[in-house]
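Hi everyone, thanks for making time.

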Amino acid sequence: MHPDDGANNPLEYLVDSERLRARNASLLSIFEKHVDPSDSILEIGCNAGRNLHALWNAGYQNLSAVEISTNAIDIMSRFLPEVRKNTKITIGAIEDIIKGIPSTRHDVIFTMAVLVHLPYESDWIFKEIARRAKKKIIIFECEAQSEHSPRHFPRKYKRLFQLCKRPQIDQVWPVPGLPKSYVCRVFGPRPGDD
């Protein structure tokens with residue numbers, strides 16, 4: 001699969017820039033607070049693996065991912081071979097894959113600037129994510145309606161996941177390294193599941 005990456009060229013995620021270093025620091029700060037290094041982690045939309053690389057180097061090594069772009073995974077294989085070799089990656093659209101992922105297989109499911117690209121008719125996906133994360137859901141996503149475009153579908157994620165019985169337990173805004181329209185939200189287990 002080679003979706004139109006538009007401005008999301010996978011190689012750009014591997015460039016060492018101040019903005020991307022700040023994103024990594026934001027990710028690691030949330031993970032250090034909420035995720036055990038032994039937890040099984042699924043990233044939805046890993047692109048070329050920058051987030052996975054940061055997590056791997058920080059000691060989170062039970063990693064899986066879903067990515068729609070074979071081009072991005074080829075780039076990961078070339079530039080981050082250790083991460084690629086040690087990450088279970090499924091290639092395809094999350095809408096086609098999520099129902100095949102066993103419930104409670106992953107302790108943590110996370111996304112960074114991915115859910116905002118799902119069209120509104122894919123809102124059913126949030127219930128599936130909520131069903132499959134044993135401990136936590138961590139999202140770094142755009143929520144500003146002013147960002148709506150043919151490629152961006154902002155939502156009120158707190159409300160969506162709370163409807164799935166996943167209480168919000170942390171929030172960071174603004175998120176260093178991301179535009180001000182992005183919020184980091186952490187959702188805990190369903191009441192009675194912890």
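Let's begin with the aromatic rings: searching the whole of this predicted model turns up 6 aromatic pairs. Rings of Phe, Tyr and Trp (its six-membered ring) pair here if their centres lie within 6.5 Å, and planes under 30 degrees apart count as stacked, over 60 as edge-to-face and the rest as tilted. One of the pairs joins phenylalanine 31 and tyrosine 60, edge-to-face, at 5.6 Å centre to centre with 80 degrees between the planes. Phenylalanine 31 belongs to helix H1 (residues 18–34), while tyrosine 60 is in the loop between helix H2 (50–57) and strand E2 (63–67), so this pair ties together parts that are 29 residues apart in sequence. Helices (H or I, at least four residues) and strands (E, at least two) are DSSP runs, numbered from the N terminus.

Phenylalanine 31 also forms an edge-to-face pair with phenylalanine 110, at 5.2 Å centre to centre and 80 degrees between the planes. That pair links distant parts of the chain, with phenylalanine 31 in helix H1 and phenylalanine 110 in strand E4, 79 residues apart. Both phenylalanine 31 and phenylalanine 110 are buried; buried means under 20% relative accessible area, exposed over 50%, and partly exposed in between, with a 1.4 Å probe and protein chains only.

Elsewhere, ring pairs connect Phe126, Tyr157, Phe161 and Phe187 into a cluster.

A quick word on ground rules. Residues are numbered from 1 along each chain as its sequence is written, and side-chain values use heavy atoms, leaving out hydrogens and water. As the model is predicted, local features need pLDDT of at least 70 and side-chain atom pairs count only at pLDDT 80 or more, whereas totals for chains, interfaces and linings use all residues.

How confident is the predictor? The mean pLDDT (confidence in each residue, from 0 to 100) is 91, and 93% of the residues reach 70 or more.

Now to the core. Of the 54 residues in the largest nonpolar core, Phe31, Ile129, Ile138, Phe140 and Phe161 touch the most other members. Strand E5 gives the most to this core, with 6 residues. By nonpolar core I mean a set of buried Ala, Val, Leu, Ile, Met, Phe, Trp, Tyr and Cys residues joined through side-chain atoms within 4.5 Å.

Which helix holds isoleucine 129? Isoleucine 129 is found in helix H6. Of the 8 residues of H6 (residues 125–132), 6 are buried, so this helix is largely enclosed by the rest of the structure. Strand E1 (41–44), helix H5 (94–97), strand E4 (106–112), strand E5 (133–142) and helix H7 (157–163) are among what covers those buried residues. Isoleucine 129 counts as buried because its relative accessibility is 2%. Beyond four places in sequence, isoleucine 129 is in contact (heavy atoms within 4.5 Å) with Ile44, Ile98, Ile109, Leu115, Ile137 and Phe161.

Last stop: glutamine 168, in strand E6 (residues 168–172). Glutamine 168 is buried, with a relative accessible area of 19%. Its side chain makes polar contacts with the side chain of glutamine 171 at 3.1 Å and with that of arginine 185 at 2.7 Å. A polar contact is a pair of N or O atoms within 3.5 Å; within protein, one must be able to donate a hydrogen and the other to accept it, and residues adjacent in sequence count only if both atoms are side-chain atoms.

Thanks, and over to you.

Technical notes:
pLDDT = per-residue confidence, 0-100.
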